[in-house]
Amino acid sequence: MEIISSKDNKRIKYIRSLLEKGNIRKKNHQFVVEGIKLVDEALEYGKVLEVVCAESLYNELISGDLSGNRLLAENDKNITNYVKKGSSLLVVSDTVFKSMSETKTPQGILAVAEMPDYRLLDKGFLEQAYTKNGKIKLLVLEDTADPGNLGTIMRTAEAAGVTGVIMGKGTVDIFNPKVVRSTMGSIFRLPFTYVEDLKETIKELKKSGISFYATHLKGEKSYKDIKYSGRSAIIVGNEARGLSDEVADLADTYVLIPMQGKVESLNAAVAAALMMYEV
């Protein structure tokens, strides 16, 4: 296997551009996942186009002796088999890999994957989900800005059994490397979509019988005291500004999250988690 040792290699430069530039990701419908667990998740649930492996990790995988790499030994459902097949695989020097990595302590592997297209709002998707699960539970995000928050929200949403996540165009890019890492693989399993006009999307969903709940200071009942519909959507606002008046006005019910002390608001991911587990 040829080892790429130049940082100026055309393919290496392209992958680095996917990591750094959202417009390149969008144009090519591709993004990068990095780290042993995430790459293994991508191979299991996503559509991987190419894997890049640092020379030292490649040698471990080919030797079959993973005793010195506990993380790999515990999360290797698919990586060894993929690497040993050798197709769509780039092996690079450790120095080159470090120059590509978005982390302080690179694990020696990343993958280029195709962006998933869940068609969450296609006719029939939500009805199929309702037939299968007996309920619809959507999460609607208006302009979530922090990558860590979005990743945490996605991971929690999967755990809480959310049907899908709908994001306004002002929400941070879910394919940003920081968001991808924070999702811990949920990006490959939890349906999501971005919409150009969030208000119109909410109006259309209301026509199909979905009730919208928003945490709001005008809420009169605790989130624990609400009787939620079997077709529900939770609206979460921007971390600093909260919900815009235009979106808040579309909610069917304002919900209050009681707080003690002098705290004025909760982190968006925390508020979303409380609601997702209650609805």
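How much space lies in the largest cavity? In this predicted model, the figure is about 40 Å³. Here is a short tour of that cavity, the salt bridges and a surface patch.

## The cavity

The count comes to 1 cavity of 30 Å³ or more. L19, V32, V33, E34, E102, P177, V180 and R181 line the largest cavity, and the elements giving two or more residues to this lining are β2 (30–34) and α10 (177–183). Sorted by class, the lining holds 5 nonpolar and 3 charged residues, with no polar ones.

## Salt bridges

Across the whole structure there are 16 salt bridges. One of them joins D117 to R119, at 3.6 Å from N to O.

Another pairs R241 with D143, whose closest N and O atoms are 3.7 Å apart. R241 sits in the loop between β11 (231–236) and α12 (245–248), and D143 in the loop between β6 (136–141) and α9 (147–159), so this pair ties together parts 98 residues apart in sequence. R241 is exposed, at 61% relative accessible area, whereas D143 is partly exposed at 21%.

E158 and R189 also form a salt bridge, with 2.6 Å between the closest N and O atoms. Through shared partners, salt bridges join K37, E41, E158 and R189 into one network.

## A nonpolar surface patch

On the surface, M259, V263, L266 and V270 form a nonpolar patch with about 300 Å² of accessible area together. Of these, V263 lies in the loop between β12 (253–256) and α13 (268–278) and is partly exposed, with a relative accessible area of 49%.

Conventions. Residues numbered from 1 in each chain as written. Predicted model: local features only at pLDDT ≥ 70, side-chain atom pairs only at ≥ 80, totals over all residues. Heavy atoms only, no water. Patch = residues over 30% accessible without salt bridge, like charges linked within 9 Å, V, L, I, M, F, W, Y side chains within 5 Å. Areas by Shrake-Rupley, 256 points an atom, 1.4 Å probe, with all protein chains shown as cover. Salt bridge = Lys/Arg side-chain N within 4 Å of Asp/Glu carboxyl O. Helix = DSSP H or I, 4+ residues; strand = E, 2+ residues; numbered from the N terminus. Buried < 20%, exposed > 50% of the residue type's maximum accessible area, 1.4 Å probe, protein only. 1 Å grid on protein atoms, 1.4 Å probe; cavity = no way out; pocket = protein on both sides within 12 Å on 5 of 7 lines; lining within 4 Å. Points joined across faces, edges and corners; volume = space filled by probe spheres on them. Nonpolar A, V, L, I, M, F, W, Y, C, P; charged D, E, K, R; others polar.
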